[in-house]
Amino acid sequence: MRRRLAAVMLSALALVVAPLATNASASTRSDVVSLARSVCGSGYTVTVDAGDMGIPKQYYWSVLLYNPSSGYNCAVNVKDSNNTDYGRSSGIGMGIRAAGGSWHEDLGNYTKYAGPVYVYAPSTCVYLRLTSPELTWTSNAMGCN
């Protein structure tokens, strides 16, 4: 019981400290973007990633991609290699919705990433929702193609 309480307290502390950390994330932006492109499929280009979203990328990187030929957006939530759950199955999720639409989500226990999730939204803003054991984060409107 004490060990679990200590783990919960450390997790809460990590959420407060992580955004203030100055050390670089172990996963590189190019690695994460490459993975997101490979799982979304051909024709997708990066619209925005965690570096632009303001979430603590020391643990998760969310990437939004867009395919101008099809009008579909794709989102992927990637565990950073600094994450103690990296490579281990644990709860993680990624959600996307077009402005005025409903959520399309992939929630489950994954070793490296959740997604891809897709929404048809040409010339429309989208919203992302990252879910993990530590947090649930919903973006402002983005990717207004």
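Q: Why does tyrosine 120 count as exposed?
A: Tyrosine 120 has 51% relative accessibility. Exposed means over 50% relative accessible area, buried under 20%, and partly exposed in between (1.4 Å probe, protein chains only), so tyrosine 120 belongs to the exposed class. Please keep in mind that this is a predicted model: local features need pLDDT of at least 70, side-chain atom pairs count only at pLDDT 80 or more, and totals for chains, interfaces and linings use all residues. Residues are numbered from 1 along each chain as its sequence is written, and side-chain values use heavy atoms, leaving out hydrogens and water.

Q: Where is tyrosine 120 found?
A: Tyrosine 120 is part of strand 6. Strands (E, at least two residues) and helices (H or I, at least four) are DSSP runs, numbered from the N terminus.

Q: What makes cysteine 40 and cysteine 74 a disulfide?
A: Their sulfur atoms are 1.9 Å apart, and a disulfide is a pair of cysteine sulfur atoms within 2.5 Å. The pair passes, and cysteine 40 and cysteine 74 form a disulfide. This pair links distant parts of the chain, 34 residues apart: cysteine 40 sits in helix 2 (residues 29-40) and cysteine 74 in strand 3 (residues 72-79). The link is left-handed, with -80° about the S-S bond.

Q: Are cysteine 40 and cysteine 74 buried or exposed?
A: Both cysteine 40 and cysteine 74 are buried.

Q: Why is the disulfide of cysteine 125 and cysteine 144 right-handed?
A: The torsion about its S-S bond is about 110°, so this disulfide is right-handed. The sulfur atoms of cysteine 125 and cysteine 144 are 1.9 Å apart. Cysteine 125 lies in the loop between strand 6 (113-120) and strand 7 (126-131), and cysteine 144 in the segment after strand 8 (136-138), so the pair ties together parts that are 19 residues apart in sequence.

Q: Why does cysteine 144 count as partly exposed?
A: Cysteine 144 has 48% relative accessibility, so it counts as partly exposed.

Q: How many disulfides does a search of the whole structure find, and what is the pairing of the bonded cysteines?
A: The search finds 2 disulfides. With the bonded cysteines of the protein chain numbered in sequence order, the pairing reads 1-2, 3-4.

Q: What makes strand 4 a partner of strand 5?
A: Two strands pair if DSSP finds at least two bridges between them, and 7 bridges join strand 4 to strand 5 (residues 104-110). The two run antiparallel. One of the bridge partners in strand 5 is asparagine 109, which faces glycine 91. The hairpin of these strands has 5 residues between them, and there glycine 100 takes a positive phi near 80°.

Q: How do you know that strand 4 also pairs with strand 7?
A: Here 6 bridges join the two strands, which run antiparallel. In strand 7, leucine 128 is the bridge partner of isoleucine 96, and valine 126 stands opposite alanine 98.

Q: Why is strand 4 called mostly covered?
A: In strand 4 (residues 90-98), 8 of the 9 residues are buried.
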